[in-house]
Amino acid sequence: MSPSKSVILVTGGSGLVGKAIEWVVENDSKYGKREGEEWIYLTSKDGNLIDPAQTKAIFEKYRPTHVIHLAAKVGGLFGNMAANLDYFRDNLLINDNVLHNAKEFGVKKVVSCLSTCIFPDKTTYPIDETMVHQGPPHDSNYGYSHSKRMVDVMNRAYNDQYGCNFTSVIPTNVFGPHDNFHLVNSHVIPGLIHKCYLAQQNGTPFIMAGTGRPLRQFIYSRDLAKLFIWTLREYQEITPLILSVPEEEEVSIKQVGDSIVTAMGYTGDYRFDTTKADGQYKKTASNKKLMSLNPDFEFTPFDVALNETVQWFKENVDTIRK
């Protein structure tokens, strides 16, 4: 292998963000594949990252120069509540194995994916990068949240002790092609797309829970993929970086429903069940640090991204995760 060749290993390569990175690498003129780069997308078939020997074997096989670390044990609210220890231990093991082997094999840079759930449950808004360790996370998924926080601790420690260039990013709510569209265990947008599709197919009402008033920042998976690649190439700090649309691009859950109805071409009964709880009203995150470092980045308009996601869902409905 020539000294100029870069081997970029993407863990969790078959998931929502991994597939988006693959799409950007192959299709985007600005953020796509550069000369001398080889991109490798790991799946669970390549080995179990919870196992130290299997993780080491993956690094021995591919000898990566760079790693984008997306792999994690993830689950819904009730799965987390029932097994906080499992989510804590399994993710600690995954992250420890990946970062340890990255150090042992001389990886030049690692970018790990965290989650906004790492932020304190009791906090002020907008959330920014300085707040990660300023209080306990929400009690429902404290195991997963603390395991993700520990990535930041390990990144700092690897840098302090060995000079490793390990960093992390914190995306807000992600959606796009290759998402999990399960009706119960998915996030809000893919779940609602599937629900609206079934209402259209069956001639039944499309009913959304709550009032539709809560606000969320949604980032298109292909925008996030570009920002992951930019972070790998350009971001120089060890401290985490929030990857999010601006605060003023928050959209209400009602806007989400309206956009899905439009993109799906659904003309049936569409309403809200206001007897159901709304959940947290807002979880606003600041992207000021990101935009100060990458001021020219252009986010895909929400309706455009939502329409592309719905069209992908329709084209792949027989084979997608649902």
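**Exposure, backbone and helices**

A: His178 counts as partly exposed, because its relative accessibility is 29%; buried means under 20% relative accessible area, exposed over 50%, and partly exposed in between (1.4 Å probe, protein chains only). This is a predicted model, in which local features need pLDDT of at least 70, side-chain atom pairs count only at pLDDT 80 or more, and totals for chains, interfaces and linings use all residues. Residues are numbered from 1 along each chain as its sequence is written, and side-chain values use heavy atoms, with hydrogens and water left out.

Q: Where is His178 found, and what is its phi?

A: Most residues other than glycine have a negative phi, and most peptide bonds are trans. His178 is not a glycine, yet its phi is positive, at about 70 degrees. His178 is found in the loop between β6 (173–175) and α6 (188–202); helices (H or I, at least four residues) and strands (E, at least two) are DSSP runs, numbered from the N terminus. Arg63 also has a positive phi, of about 45 degrees, and is found in the loop between α2 (52–62) and β3 (66–69). Arg63 is partly exposed, because its relative accessible area is 48%.

Q: Which residues does a cis peptide bond join?

A: The cis bond joins Tyr125 and Pro126, with omega about 5 degrees. Pro126 is found in the loop between β4 (109–113) and α5 (142–162).

Q: Is Lys288 buried or exposed?

A: Lys288 is exposed, because its relative accessible area is 62%. Lys288 lies in helix α9 (residues 288–293). Lys288 and Glu247 are 41 residues apart in sequence, while their C-alpha atoms are 9.3 Å apart in space.

Q: Which residues of α1 are buried, and against what do they pack?

A: In α1 (residues 16–27), the buried residues are Leu16, Val17, Gly18, Ala20, Ile21, Val24 and Val25. They pack against β1 (6–11), β2 (37–41), β3, β6 and α7 (221–234), where contact means heavy atoms within 4.5 Å.

Q: At what angle do α6 and α10 pack?

A: Two packed helices are described by the angle between their axes and the distance between the axes. Here α6 and α10 (residues 302–315) pack at about 55 degrees, with their axes 11 Å apart; axes are lines fitted to C-alpha atoms, for helices over the stretch in contact, and angles run from 0 to 180 degrees between N-to-C directions. The two helices are therefore oblique to each other: under 35 degrees is roughly parallel, over 145 roughly antiparallel, 65 to 115 roughly perpendicular, and the rest oblique. The contact is made by Ile189, Ile193, His194 and Tyr197 of α6 and Phe302, Leu306, Thr309, Val310 and Phe313 of α10.

Conventions
Expected span 1.5 Å × (residues − 1).
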